[in-house]
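Q: I have a structure here that I would like to go through. Could we take it topic by topic?

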Amino acid sequence: LEITIKSPSGNVKYETAKDEPVDFDSGDFDDVCRSITGSRLDYVTFTLPSSSRGTLYYQYGKSGEEKLSSSDKYYRSGSPRLEDVSFVPASSFSGTLEIKFSGRSTDNDRFSGTVAITYTSVKDPAIVRYTSDGGAVNFQSNDFVSACSIRGAGNLVSVKFNTPSSGTLY
């Protein structure tokens, strides 16, 4: 497990293997909103990427799946939920894609940022990465399930953590 502490910015970063969809985490966007405005996230909107690079979906792979439009608002709490937004890369895309977003805090402050998604040819299956601006990092079980699956280790049963040299696990 690798956790990187960084300075506050308007960036959300994801890294994954080529051709893998990326599910957005509302906590990542809430962290950006808090670092810029000091308040919780209300909603975000996205500037749509070129279709040659991929497509943003709401409820990807589920009943009700639909492509996003640039005017759609996705909420931290409420509907439609930001947690249900995914980016699906075009089959020919590799490298890093940047998707601009803008949002509003619960105090009506506006902010903007960029989602950077980096596709690597080989993802190191032994490392689950998170980045934080100094705030809490919430582990996502699907990240550990994916790491286990990529390694060909079968189904994940449990995860054991060693005591970190800095910070605290809760």
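Q: What is the strand order in the open sheet of four strands?
A: In this predicted model, the order is E3-E8-E5-E6, and the pairing is antiparallel.

Q: Which strands stand at the edges?
A: Strand E3 (22-23) and strand E6 (66-67) do; each has a single partner strand, so one side of each is left without a neighbour in the sheet.

Q: How many bridges join E5 and E6?
A: Strand E5 (residues 54-58) pairs with E6 over two bridges, in the antiparallel sense.

Q: And which residue in E6 is the bridge partner of tyrosine 58?
A: That partner is glutamate 66.

Q: Turning to the largest nonpolar core, which residues touch the most other members?
A: Phe24, Phe29, Phe46 and Val115 do, in a core of 26 residues.

Q: Which elements supply at least two residues of it?
A: Helix H1 (26-37) does, together with strands E2 (11-17), E4 (41-46), E5, E8 (85-89), E9 (95-105) and E10 (110-120). The largest share, four residues, comes from E10.

Q: What does phenylalanine 29 touch, not counting residues up to four places away in sequence?
A: Under that condition, its contacts are Val12, Tyr14, Phe24, Leu41, Val44, Phe46, Leu82, Phe101 and Val115.

Q: Now the surface: which residues form a nonpolar patch there?
A: Val145, Leu156, Val159, Phe161 and Leu169 form one, and together they have about 370 Å² of accessible area.

Q: Where is leucine 169 found?
A: Leucine 169 lies in the segment after helix H2 (141-150). This residue is partly exposed, at a relative accessible area of 38%.

Terms used:
Residues are numbered from 1 along each chain as its sequence is written. This is a predicted model: local features need pLDDT of at least 70, side-chain atom pairs count only at pLDDT 80 or more; totals for chains, interfaces and linings use all residues. Side-chain values use heavy atoms; hydrogens and water are left out. Two strands pair if DSSP finds at least two bridges between them. A nonpolar core is a set of buried Ala, Val, Leu, Ile, Met, Phe, Trp, Tyr and Cys residues joined through side-chain atoms within 4.5 Å. Buried means under 20% relative accessible area, exposed over 50%, partly exposed in between (1.4 Å probe, protein chains only). Contact means heavy atoms within 4.5 Å. Patches are made of residues with over 30% relative accessible area and no salt bridge: like charges are joined within 9 Å, nonpolar side chains (Val, Leu, Ile, Met, Phe, Trp, Tyr) within 5 Å. Accessible areas come from the Shrake-Rupley method with a 1.4 Å probe; for residues, only the protein chains shown count as cover. A salt bridge is a side-chain nitrogen of Lys or Arg within 4 Å of a carboxyl oxygen of Asp or Glu.
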